[in-house]
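Please have the sequence and the model open as you read.

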Amino acid sequence: MFGRSPHRNHHGFTLVELLVVIAIIGVLVGLLLPAVQAAREAARRMQCSNNMKQIGLSLHNYHDTFGMMGWNNDLGNTVAPGNPTSRWMQLSWIVSVLPFMEQQNLYDQINIHTRESMSAGPVAPDIRDNRVTAQIPISTMMCPSNQQETVNGGQVQGYRHSGGATGARTDYVGNLGHIWGGWKDCGALPDFPPVNGRNIFQRGSNPGTPWVNGESLNDQVNCNGTFRYHGGVKMAQILDGTSNTVLVFEDMHWRGGNNPVAQHDIRPTDDASWMSPLAAVNSMRNPMNNKNKAWLQGAGDRRCHGWSSNHSGGAHAVLGDASVQYFTDSMDHVIRYSLSVKDDGLTVDFE
């Protein structure tokens, strides 16, 4: 005779138990998520730093070949329409160093030669002559922490051109120095007090914060950084030392704006394309990550963007020796000035 199996009590979780487990899982996820996000941002920040390191080395290799930071050959004197004796070619320094960034194929697709116009004579090439190529993203020129659109419309071709072109963005720009220049003249930003009796922050003064006509060849000597509106300087001209002077810095090209009730507009301005010479350089006069409404102008005014990033509390820069440093946005104005000017004679202590 077979005996009966003993009765077993089977029961599932009660509703209260399930809710407790779900609550515990929620707490653990809530604790873990910030750590995951922080790890991801750390990886993005590292990639951004690597991008800038590659840019610095590319510029050094270009300098070893041509003796200057970008466009130091016969193409550097190519003229723009309207005033062929005093205006630059309308292609950025980024274009010139593409072969040194393992982008020879992209460089070969770009029209860099002047063409003749019956109405204007010699016409310098710009984005409009390279419509397709200008829209090709260059991963090395984009910080992965920047969530802006990769390709943007309404981009200006150069200094005296209206918008309308479409181009892939750049998040890194050459350092014009501490200048007050064409399309880099944010009038809302005040002059800061003198330092040791020197009016280094005085707009229009040289030395100090000189005015630069961005399209005039004769004015380019007044750019006191490592780049000019087209091309760059020689290493020998960085008198303060390459380890004390910024070569390239992060610039998200934020539209900004001074509307007191609107959020800071983080969409890109119309001078954000890597092919545009106006977009590939900027002054370091504006404070880093400037979102002060009093120091900004109307929405989308390209004159007020500057050294900026989506990293926490600061941004990267490549120094003249090709090293990459991370600087905090709470830095003193004098330190930023000293880092931006290649020959001011001021001691830089940013450790």
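The report below starts with the cysteines and then turns to the serine.

This is a predicted model, in which local features need pLDDT of at least 70, side-chain atom pairs count only at pLDDT 80 or more, and totals for chains, interfaces and linings use all residues. Residues are numbered from 1 along each chain as its sequence is written, and side-chain values use heavy atoms, with hydrogens and water left out.

Searching the whole structure turns up 1 disulfide, a term for a pair of cysteine sulfur atoms within 2.5 Å. Its partners are Cys-186 and Cys-304, with 2.0 Å from S to S. The link is right-handed, with 80° about the S-S bond. Cys-186 sits in the loop between strand E6 (180–181) and strand E7 (211–212), and Cys-304 in the loop between E11 and strand E12 (314–319), so the bond ties together parts 118 residues apart in sequence. Strands here are DSSP runs of at least two residues, numbered from the N terminus.

Cys-48, by contrast, is in no disulfide; its nearest cysteine sulfur belongs to Cys-143, 3.0 Å away.

| Residue | Relative accessible area |
|---|---|
| Cys-48 | 0% |
| Cys-186 | 0% |
| Cys-223 | 0% |
| Cys-304 | 6% |

Now for the serine. Ser-273 lies in the loop between strand E10 (265–268) and strand E11 (281–282). Ser-273 counts as buried because its relative accessibility is 0%. Beyond neighbours within four places in sequence, its contacts (heavy atoms within 4.5 Å) include Ile-127, Gln-155, Arg-169 and Ala-279.

Note on methods. Helices (H or I, at least four residues) and strands (E, at least two) are DSSP runs, numbered from the N terminus. Buried means under 20% relative accessible area, exposed over 50%, partly exposed in between (1.4 Å probe, protein chains only).
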